[in-house]
Each structure stands twice: as C-alpha cells, then as structure tokens.
Amino acid sequence: LADIARWPGVRLVEGRLDLPARLTLHGAARDVVLTGLPADGTLQRLLDTALDPVSLPEGGLALSRRLAQILGARIGDRVTVSPAAGGQFDVPVAAIVEQYIGLGAYMDLANLGRRLESGPIVTGAEVTLAGNGRTDFLGTLKASPAVAGYMPRTATVSAFRDTMARTLTIIVSAFVAFAAVAAFAIIDATVRVALSERLRELAILRALGFGESTILFMLAGELALAVVLAPPFGAAVGLGLGQIIVWTL
C-alpha cells in the first residue's frame, strides 16, 4: 500500500483483504468471501436501505441481510468463521447491511488480521486517482510485477449496466410477446362470443335491409371502442404494478 501510494497520479489508497471462508451458525453454513475493510475507509462503504453509509463494526461482523437470513443470524449471535487457509474463530454479528447483489460478510481489516494472526496483510487496494494522473498510473501499473489484476470503476459500472440491460431486455421481450398473444386471444374470443350472441339480431337486421357494411360497422365499432379504451387503463395498471415490483426489489 505504501508503494502504491507513491505511484504517480494516486491521490488516495485503501487496502482490503478478501478471504474465502465458511460461516457457520446454528447448523447453517455458507461459503462466502469475507472482506476486511479499514474502519475509517471511504472508498468502499457499507450502506443501509436509504443508501446512507453504515460504520464498519470494529469488534464484530457485518452481514448482508440476505446472508443473515440464510444463516438465521441476528445482532449479537456468534458466527464461527473457518477460513479456507485453515484456522477457526468465533465473532459476534454486530451489523446487518443491505447488499442487492451477492452475499457479503465484512470485518474491520485490523481486527481480521489479528484474528488470523497474520499481521497487517491485504489482497487488494482501492485507489482514487487525480484527474490528470491516469496515464502515468497505468504505465506504472503495467510495469509492476506485484499486481495481478486491475478493474477501473467505470468498467465495473458499465459492465453491470450492460448485464442488467441485456437481462431486462430478454425479460421484457418475453412479457411483451406473451401480452401480444394474450391480447390477440382475448380479442378473438370476444369477437366470437359477440357474434354468436347477436347472430339472430344480425340476421333480422339483414332481413330488414341493412347492408353487410352497416352490420359490420355496428359489430366492429363496439369492439373498436373497447380496444381504444383498454390501453390507457392497462398502461395505468402496468405502471402501478411496475412501481410495486421496484419497491419489492
């Protein structure tokens, strides 16, 4: 971290420790990546449902809400942490945070290092660059043998948005296709029912001298009115259902 802090263009650097581990509580277990973050860090922060930062507990474990549900964990419960590299320790659950993708478990970086008896080690770093220092930083990064990979924030956000866009396009396309088939089936059934119910009336109208075009206009006009009035109502209902889905997610 001290070396990276001296690289050109680096304005701020914070270490992190990603540790594959198994969390166990009351017979329930889950393999996750336990992440150690600096207690006073600002480059990666835990958030609540209102997207407000949550302080990283110094002496305990912070679990994502979904992971806490899987383990049946509550504030104060002691979770057994079994790192993949060996060893085991118990740590209390001190906070439950929101994480909408993945199952996150977090600890104070210094406390995690003491638990592992490995000292201050990190597996990665979060870096903030000066506005005009990216080119020099990337040059130094490419020449460094200590760095295995680099992921710019813009690429991460772009990849996430592209993935979500593709997923939503597939889902929405399926819904639209299903809705079109359903709409066609409903209109066809409505036409058939209306025709069968009024077949005698239409025959009488024909006998009275009304032409086919007049009878067709009377039958189709009613259906056309229903079709014209249906989309605004359906759109309003759809917007409401969409908002409910957003709130639920």
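Colleague: Which residue does R22 form a salt bridge with?
Modeller: R22 pairs with D31, and their closest N and O atoms are 3.1 Å apart. A salt bridge here is a side-chain nitrogen of Lys or Arg within 4 Å of a carboxyl oxygen of Asp or Glu. This is a predicted model, in which local features need pLDDT of at least 70 and side-chain atom pairs count only at pLDDT 80 or more, while totals for chains, interfaces and linings use all residues. Residues are numbered from 1 along each chain as its sequence is written, and side-chain values use heavy atoms, with hydrogens and water left out.

Colleague: And D31, buried or exposed?
Modeller: D31 counts as exposed because its relative accessibility is 53%. R22 is partly exposed at 38%. Buried means under 20% relative accessible area, exposed over 50%, and partly exposed in between (1.4 Å probe, protein chains only).

Colleague: How many salt bridges does the structure hold?
Modeller: Six. One of them joins R6 and D3, with the closest N and O atoms 2.5 Å apart. R6 is exposed, at 60% relative accessibility.

Colleague: What does E98 pair with?
Modeller: R65, with the closest N and O atoms 2.4 Å apart. E98 sits in the loop between β7 (89–97) and β8 (104–108) and R65 in helix α2, so the pair ties together parts that are 33 residues apart in sequence. Helices (H or I, at least four residues) and strands (E, at least two) are DSSP runs, numbered from the N terminus. E98 counts as buried at 18% relative accessibility, and R65 as partly exposed at 40%.

Colleague: Which residues are linked in a network of salt bridges?
Modeller: R16, D18 and E126.

Colleague: Changing topic. How much space lies in the largest pocket?
Modeller: About 1900 Å³. Its lining has 43 residues, and R16, L43, Q44, E126 and R153 lie nearest its centre. The largest share of that lining, six residues, comes from β9. On a 1 Å grid over the protein atoms alone, a pocket is an open set of points with protein on both sides within 12 Å along at least five of seven lines, and a cavity is a set where a 1.4 Å probe fits but cannot get out. Lining residues have an atom within 4 Å of a point. Grid points are joined across faces, edges and corners, and a volume is the space filled by probe spheres set on the points.

Colleague: What about the second largest pocket, what volume does it have?
Modeller: About 1100 Å³. Of its 29 lining residues, F175, G238, L241, G242 and I245 are the closest to its centre. Helix α5 supplies the largest share of this lining, eleven residues.

Colleague: Which residues form the nonpolar patch on the surface?
Modeller: L51, Y100, I101, F160, M164, L168, I171, V172, F175 and V176, with about 1000 Å² of accessible area together. For such a patch, residues need over 30% relative accessible area and no salt bridge, and nonpolar side chains (Val, Leu, Ile, Met, Phe, Trp, Tyr) are joined within 5 Å. Areas come from the Shrake-Rupley method with a 1.4 Å probe.

Colleague: Where does I171 lie?
Modeller: In helix α5 (residues 153–197). I171 counts as partly exposed, at 38% relative accessibility.

Methods
Patch = residues over 30% accessible without salt bridge, like charges linked within 9 Å, V, L, I, M, F, W, Y side chains within 5 Å.
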